[in-house]
Amino acid sequence: MQSLLNEIYNDVKPMLGQGKVAGYIPALASVDPAQFGIAICDNAGEVTSVGEADTPFSIQSISKLFNLVMAMNHYGEGLWDRVGCEPSGLPFNSLVQLEYESGIPRNPFINAGALVVSDMNESRFASPHLAMRDFVRRLSANDSIFSNSDVADSEYEHRSRNAAMAYLMKAYHNFDNEVEDVLHNYFYNCAVEMSCKDLARSMNFLANRGHCVFSASDVLNKDETRQVNALLATSGLYDEAGRFAFKVGLPGKSGVGGGIVAVVPGRFSLCVWSPALNEMGNSVLGVAALESLTRRINWSVY
Ligand SMILES: NC(=O)CC[C@H](N)C(=O)O
């Protein structure tokens, strides 16, 4: 494992300097782009890493995955009446499709979908963002995970587009709670900071038929795990999901903090992080590292 990671790291490191850090969230614009780490967690819970794998970073849209799993635990199949399971083919924060499709978002990994799922969690938890923080602490066996309130506040100040989506869904009766309350929790979830090692551990249940070795619990059942992995494979990288399936062929989820998590079902989970992004909002080195990984292990879900 260690030599595999070293090879991937050396393949991709020369690309440092390409791409741009997310500028639309002011508190993220100042992150040093010259950082790169990878961590893999096998199904026994053993973690192997290279580079800056202990540095916490803003998980951003990766939180949509944890948010979804929490809602699945409470709502079961009923969740899919309010959000679809089709790739969107559009940027993560697009409003266009939502109007055409009467306020039902295409999937839970675009912002509109994550906001509906957050609305559902708002109805179930006294403090949805503290519930998610505790959930990721359990999944990654790390009690020192926190949300960065400067990042959350900065996102809240620049919330217009996300607020527009939420209000549009309210107009279509697909949003029950106060928009501002849901946005507050959504941004606190996006602003959670975790390292590659934390994220590799926290994703491991998806490689392990829903079982989390760290909390010794079944987070999802086998069928739900398969569903989440299918959604990650088709919609986890926004409008780059097709290219990602074509080149990498693994369930994965990216965030504008530069992290990408991925799953090799039955074997291991991993996280790659480098803050500079391509035009689709995905980490340049992250995507390249995952391409190198599947080439080297010569395996994909397809
Ligand atoms: N793609 C992302 O990581 C987007 C998350 C970000 N917090 C937003 O809502 O715009």
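This is a predicted model: local features need pLDDT of at least 70, side-chain atom pairs count only at pLDDT 80 or more; totals for chains, interfaces and linings use all residues.
**Entry 1: helix α13**

I started with α13, which runs over residues 284-297. How far apart are its end C-alpha atoms? I found 20 Å. At 1.5 Å a residue, 14 residues should span 20 Å, so the two agree.

Next I looked up which of its residues are buried. Val-284, Leu-285, Gly-286, Val-287, Ala-288, Ala-289 and Leu-290 are buried, and so are Ser-292 and Leu-293. What covers them? I noted two helices among the elements that do, α1 (2-12) and α12 (241-247). The cover also includes the strands β1 (37-42), β8 (252-254), β9 (259-264) and β10 (268-273).

Then I checked what follows the helix. Asn-298 comes after α13, and its phi is positive, near 55°.

**Entry 2: α1 against α13**

I remembered how such pairs get written up: two packed helices are described by the angle between their axes and the distance between the axes. For α1 and α13, the axes come within 9 Å and cross at roughly 135°. The crossing is right-handed.

Who touches whom? From α1 I listed Leu-4, Glu-7, Ile-8, Asp-11 and Val-12. On the α13 side they meet Leu-285, Ala-288, Ala-289, Ser-292, Leu-293 and Arg-296. I sorted the residues of this contact into 7 nonpolar, 1 polar and 3 charged.

**Entry 3: α7 against α8**

I went on to another pair, α7 (residues 160-171) and α8 (residues 179-190). Their axes come within 10 Å and cross at roughly 135°. So α7 is oblique to α8. I put this one down as a right-handed crossing too.

α7 brings Asn-162, Ala-163, Ala-166, Tyr-167 and Lys-170 to the contact, and α8 brings Val-179, Val-182 and Leu-183. My tally for the contact of α7 with α8 is 6 nonpolar, 1 polar and 1 charged.

**Entry 4: positive phi in loops**

Last, I looked at two loop residues. Arg-209 is not a glycine, yet its phi is positive, near 55°. I found Arg-209 in the loop between α10 (204-207) and β6 (211-212). Arg-209 has 17 C-beta neighbours inside 10 Å, so I wrote it down as partly exposed.

Ala-216 isn't a glycine either, and its phi is about 50°, a positive value. Ala-216 lies in the loop between β6 and β7 (217-218). Is Ala-216 buried or exposed? I counted 7 other C-beta atoms within 10 Å, so Ala-216 is exposed.

Methods: Residues are numbered from 1 along each chain as its sequence is written. Helices (H or I, at least four residues) and strands (E, at least two) are DSSP runs, numbered from the N terminus. The expected span of a helix is 1.5 Å times one less than its number of residues. A residue is buried if 20 or more other C-beta atoms lie within 10 Å of its own, exposed if 12 or fewer, and partly exposed in between; C-beta atoms are placed from the backbone. Two residues are in contact if their C-beta atoms, placed from the backbone, lie within 7 Å. Axes are lines fitted to C-alpha atoms, for helices over the stretch in contact, and angles run from 0 to 180 degrees between N-to-C directions. A crossing is left-handed if the near helix is turned anticlockwise from the far one by less than a right angle, and right-handed if clockwise. Ala, Val, Leu, Ile, Met, Phe, Trp, Tyr, Cys and Pro count as nonpolar, Asp, Glu, Lys and Arg as charged, and the others, Gly among them, as polar. Angles under 35 degrees count as roughly parallel, over 145 as roughly antiparallel, 65 to 115 as roughly perpendicular and the rest as oblique.
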